[in-house]
Amino acid sequence: MASMSQVIKYPFSRDAREASRKLANDIRSLTSLLEDPGNEYIIEEAEYRVLAALDQEEVPLKNISDQKEVLVYPTSRIIVEKIGAPRLREYQAEAESKAVNKHLAGESNEFLMGLAESSFEWKTESTGTISERARLPAAIRRFDFRMRYEDYLEVAPDFHASEWKLVNRAISSGWVLITKSELARLMSGKFKQIIIDSRLEVPTLPARLTEAVQRIESEVSTKIKKTEPIKFTTKVTSAFPPCIAQMHNDSIQGKNLPHEARFALAAFLLRIGMSEEEVLGVFRPAPDFARGLADYQVRHIASKEGGQGYNPPGCRKMQINGICPVEIGEVFDPLCEYVLHPLNFYETRVWEISKNIVNRSWYAAKKKRRQKFR
Ligand code: SF4
């Protein structure tokens with residue numbers, strides 16, 4: 001059983017989730033609880049927490065004065081989701097994960113194993129005490145734990161250093177040897193993934209929380225650099241060509257995509273500025289999603305040409321592969337007749353949306369027809 005201070009330090013833990021649910025069963029009960037003026041301090045602490053993440057500072061950990069401290073983290077998540085800026089979510093994930101990594105360094109080996117099992121269902125085992133390990137070959141003596149490779153692969157592919165690659169690890173019968181600090185890094189990395197992947201349906205917020213959201217929103221626009229790549233927004237998805245829109249919808253609705261479609265979709269999304277994590281999020285609902293493999297594939301597609309990534313296939317290739325719905329006759333968009341590549345479609349449609357152009361008659365006057373479907 002974790003102490004109250006451990007519950008506060010590890011918001012992803014089963015104990016923290018249970019403690020939080022006892023006070024507020026869901027997001028609506030939490031927002032109504034926050035309407036009570038007596039609970040304003042929770043909003044204040046949550047606001048500090050988000051601001052610290054935005055300033056890339058250490059997430060503050062207050063002295064535990066009462067059980068409601070456990071609600072500070074979920075309240076900070078509500079603030080970030082209400083603002084809806086993907087970069088802010090990434091900042092929060094980074095700061096929260098760093099804090100967890102630091103706290104875990106001070107915990108016992110047994111606590112780490114218990115937390116990994118109860119929070120993520122990871123199987124880990126101790127490799128013995130230092131004196132027991134002294135009898136092992138020198139190369140593997142330093143490892144405190146072994147963990148199942150399937151669990152290891154949930155997070156390790158996110159780390160770029162070559163030492164995290166499975167081929168560079170000591171592995172036996174499906175167990176990967178790891179040190180205590182590596183287990184802490186994997187656990188904090190998993191927490192980061194959870195924040196990046198989670199989306200909350202935020203209801204109407206109490207006035208005090210809305211004010212906190214507005215204050216942070218104004219900070220976001222000045223503190224998150226304008227030079228960040230274009231991020232994935234509803235406006236951007238509405239500019240997808242029919243081929244990408246169909247693959248994207250199928251994927252987020254949990255349908256498996258054929259290999260050619262997976263490649264085309266991943267390469268396209270990476271090219272328009274989505275992060276590798278966001279692209280993985282699109283593939284995650286698919287029944288055949290395997291985190292380690294998908295990570296590898298997305299990273300491989302993104303890393304081509306010194307980080308520029310693979311070019312998504314052009315219209316001709318998409319048609320040969322049977323994944324152009326306009327060619328098949330399932331849907332039609334007049335712009336498809338004037339492009340030879342889904343990215344050209346996207347650039348033109350983004351421009352049209354930015355200028356509020358809905359009349360498509362200008363294509364025939366200004367553009368050269370490049371393919372015909374009827
Ligand atoms: S014509 Fe090109 S852009 Fe249009 S749906 Fe087919 S592949 Fe996509």
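# Briefing on a predicted helical chain and its ligand shell

Residues 24 or more positions apart account for 76% of those contacts in the chain that have a separation of 6 or more, where two residues are in contact if their C-beta atoms, placed from the backbone, lie within 7 Å. This is a predicted model, in which local features need pLDDT of at least 70 and side-chain atom pairs count only at pLDDT 80 or more, whereas totals for chains, interfaces and linings use all residues. Residues are numbered from 1 along each chain as its sequence is written.

**Overall architecture**

- The chain has 20 helices and four strands; helices (H or I, at least four residues) and strands (E, at least two) are DSSP runs, numbered from the N terminus.
- Taken along the principal axes, the box filled by the C-alpha atoms of the chain is roughly 75 × 60 × 35 Å.
- Of the 374 residues in the chain, 32% are buried; a residue is buried if 20 or more other C-beta atoms lie within 10 Å of its own, exposed if 12 or fewer, and partly exposed in between, with C-beta atoms placed from the backbone.

- In helix α13 (residues 242-252), the residues C243, I244, Q246, M247 and S251 are buried.
- These residues are on the same side of α13, because they cover an arc of only 160 degrees around the axis, the arc being that of the directions from the helix axis to the C-beta atoms.
- The cover over the buried residues of α13 includes α14 (259-271), α15 (276-283), α17 (315-320), α18 (325-328) and α19 (342-354).
- H248 also lies in helix α13, but with 18 C-beta neighbours inside 10 Å it counts as partly exposed.
- Leaving aside neighbours within four places in sequence, H248 is in contact with T237, F240, L265 and V282, while its C-alpha atom is separated by 35 Å from that of A24, 224 residues apart along the chain.
- Just after α13, G254 takes a positive phi of about 90 degrees.

**Helix packing**

- The axes of α13 and α14 come within 10 Å and cross at roughly 105 degrees; axes are lines fitted to C-alpha atoms, for helices over the stretch in contact, and angles run from 0 to 180 degrees between N-to-C directions.
- The helices α13 and α14 are therefore roughly perpendicular to each other, given that angles under 35 degrees count as roughly parallel, over 145 as roughly antiparallel, 65 to 115 as roughly perpendicular and the rest as oblique.
- On the α13 side I244, M247, H248 and S251 take part, and they meet A261, A264, L265 and F268 in α14.
- By class, the contact of α13 with α14 has six nonpolar, two polar and no charged residues; Ala, Val, Leu, Ile, Met, Phe, Trp, Tyr, Cys and Pro count as nonpolar, Asp, Glu, Lys and Arg as charged, and the others, Gly among them, as polar.
- Elsewhere, α4 (40-54) and helix α11 (residues 207-223) pack at an angle of about 10 degrees, with their axes 10 Å apart, and α4 and α11 are therefore roughly parallel to each other.
- This contact is made by E40, I43, E47, V50, L51 and L54 of α4 together with R208, L209, A212, I216, E219, V220 and K223 of α11, and its residues divide into eight nonpolar, no polar and five charged.

**Shell around the ligand**

- The ligand is surrounded by 13 residues, of which P241, C243, C315, C324 and C336 are the closest; a residue is near a molecule if its C-beta atom, placed from the backbone, lies within 6 Å of it.
- The elements that give two or more residues to this shell are α13, α17, α18 and α19, and α18 gives the most, with three residues.
- By class, the shell around the ligand has 12 nonpolar, no polar and one charged residues.

**Loop residues**

- Most residues other than glycine have a negative phi.
- Q56, in the loop between α4 and α5 (72-83), has a positive phi near 55 degrees and counts as exposed, with 11 C-beta neighbours inside 10 Å.
- S173, in the loop between β3 (171-172) and β4 (175-178), has a positive phi near 50 degrees and is exposed, with 6 other C-beta atoms within 10 Å.
- N256, in the loop between α13 and α14, counts as partly exposed, with 13 C-beta neighbours inside 10 Å.
- Leaving aside neighbours within four places in sequence, N256 is in contact with A286, P287 and D288.
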